[in-house]
Amino acid sequence: MKKLYIETVGCQMNVLDSELVVASLRKQGFELTDNTSDADTILFNTCSVRQHAEDKIYSALGRLKNAKVTHPHKIIGVLGCMAQKDQRLIFERAPYVDLIVGPGQLHQVPDLIAEIEAGGGQKMEVSLGRKEGTRQQIERSHESFDPLRDAAMRPTPYQAYVRIMIGCDKFCTYCIVPSVRGPEQSRHPDDIIAETRQLADEGCKEIILLGQTVNSYRYREGDRVTRLSDLLTSLHGIDGLERIKFVTNYPKDMTDDLLQVVHDLPKCAKYLHVPVQSGSNRVLERMKRGYTVEDYREMMDRIRHLVPEAAVTSDFIVGFCGETEDDFQLTCKLVHEQRFKNSFIFKYSERPGTKGAELFPDDVPEDVKKRRNNELLAMQNMISEVDNHAFLGRNVSVLVEGPSKASEKSDDPDALQLQLTGRTMCDRIVVFDGNRRQIGQTLPITIYDANAHTLFGAVVTQHVGPELFSLNA
Ligand code: SF4
């Protein structure tokens, strides 16, 4: 057996891509190791969204330089967005790297590794850039829909990501995704349904549909157009499947038909992640997000009207080029007013190759970005805590994912009684004491405590009345 070490950074797309790469390499006789020193092949599945994520990978590669000197047959590969973005620059910065593969060519990884093993030298396979061909040629060079799955690589065997589209055509000025993941392409609904059915047959209870702008999903076949709402309706009929989530949403494509389906179908999670990024129209315009704060408010009103129980989360970028204190205060105002379940807050990181880097200076000082980040986070945490306190005393349905972080660190990893963690339908994390056998079950839990990030509860035990034991019954 050859040994494979794989490290994944970045978004859910990358987690799914790594699962598919591992599945294809297992077929070629690889087994996983969590140690680079005994690995025959070391792969990094990379992210380009922030500079920090790229720096981390170049440092990791630097640490492997000596390993390559002592073990020249070890294969070192860089996959994913950074591979697509930096291409040969990676060979220049780390000449001992053997393999560079963009997100659109991951299905070629096993063959490329075999060629390197056979003495074929360094290999690089990447997609065409956004200006390097016709739209059709560029689309084809990014296609990588591979149905191979590997349950062992998923965070839990009961939950799985399913890709329903790739790429993005929105071109927000701060974002590298349209360059590295290519044009927006929706996957055939029949393939998505077949893959989901297979996952459900394997015991998967929850699927999370993935797309950079997942609610922009549209598959055209002649006159027929399948929208995300149609796809959800078809997936809802799959036996064994209990929950369907979808991320990440684009505010302008949050249509009423989609919200109605989320409301009507019991298996659809009442959870919507819809990044707004800023509360200032001036900043939104510079970001080229394609909507105003008023548009976003109108969308939130429709969500509250059509899916009143929905938990809505958002993303924010603070310190974008030219963001003034007044702009930032408008963002704070929006967070205060919309009371998101939680928000993911990031300091702006300039990405070479984006319009933002070309047009605007990165002029908000780092200490100001940091302060704004902390202020917004503190405000969001207070809102999340109040929001979570509303659950005290309530019963919620929790899909049990596994041991909590505290249990994983405990002295006895095989203990039967342990602290477990799971999620509600609206994506709230719940921690409770339970039994290892309960992992993978959907359980009723009563909530007795809460903080900004977690609900704490106890399994609801059924009261068995004396009538069940009556001999006369
Ligand atoms: S919608 Fe904007 S932020 Fe999201 S992936 Fe596309 S370009 Fe990037």
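1. Basis. The model is predicted: local features need pLDDT of at least 70, side-chain atom pairs count only at pLDDT 80 or more, and totals for chains, interfaces and linings use all residues. Residues are numbered from 1 along each chain as its sequence is written, and side-chain values use heavy atoms, with hydrogens and water left out.

2. Nonpolar cores. A nonpolar core is a set of buried Ala, Val, Leu, Ile, Met, Phe, Trp, Tyr and Cys residues joined through side-chain atoms within 4.5 Å. Buried means under 20% relative accessible area, exposed over 50%, and partly exposed in between (1.4 Å probe, protein chains only). The largest core holds 53 residues, and Leu209, Leu232 and Ile303 have the most contacts inside it. Helix α13 (residues 293-306) gives the most to this core, with 6 residues. Helices (H or I, at least four residues) and strands (E, at least two) are DSSP runs, numbered from the N terminus. Another core, of 22 residues, lies apart from the largest one; Val9, Ala60, Ile76 and Ala83 are among its members.

3. Ile303 and His236. Contact means heavy atoms within 4.5 Å. Leaving aside neighbours within four places in sequence, Ile303 is in contact with Met254, Leu259, Leu272, Val274, Pro308, Ala310 and Val312. His236 belongs to helix α10 (residues 228-236) and is buried, with a relative accessible area of 16%. Not counting residues up to four places away in sequence, His236 touches Ile244, Leu265, Pro266, Lys267 and Cys268.

4. Salt bridges. There are 36 salt bridges in the structure, each a side-chain nitrogen of Lys or Arg within 4 Å of a carboxyl oxygen of Asp or Glu. One of them joins Lys2 and Glu117 (3.3 Å, N to O). Lys2 lies in strand β1 (residues 2-8) and Glu117 in helix α6 (residues 109-117), so this pair ties together parts 115 residues apart in sequence. Both ends are partly exposed: Lys2 has a relative accessible area of 28% and Glu117 one of 42%.

5. Buried salt bridges. Asp17 and Arg163 meet in a salt bridge (2.5 Å, N to O). The pair ties together parts 146 residues apart in sequence, because Asp17 lies in helix α1 (residues 12-26) and Arg163 in strand β7 (residues 159-163). Asp17 and Arg163 are buried. Arg187 bridges to Glu195, with the closest N and O atoms 2.6 Å apart; Arg187 is buried at 5% relative accessibility and Glu195 at 6%. Elsewhere, a network of salt bridges links Glu206, Arg243, Lys245, Glu401, Arg423 and Asp427.

6. Aromatic pairs. Rings of Phe, Tyr and Trp (its six-membered ring) pair if their centres lie within 6.5 Å; planes under 30 degrees apart count as stacked, over 60 as edge-to-face and the rest as tilted. The count comes to 7 aromatic pairs. Phe320 and Tyr348 are edge-to-face, 4.8 Å centre to centre with 80 degrees between the planes. Phe320 is buried at 0% relative accessibility, and Tyr348 is buried at 5%. Phe320 and Phe360 also pair edge-to-face, with centres 6.2 Å apart and planes at 75 degrees. Tyr250, Tyr291, Tyr296, Phe316 and Phe340 form one aromatic cluster.
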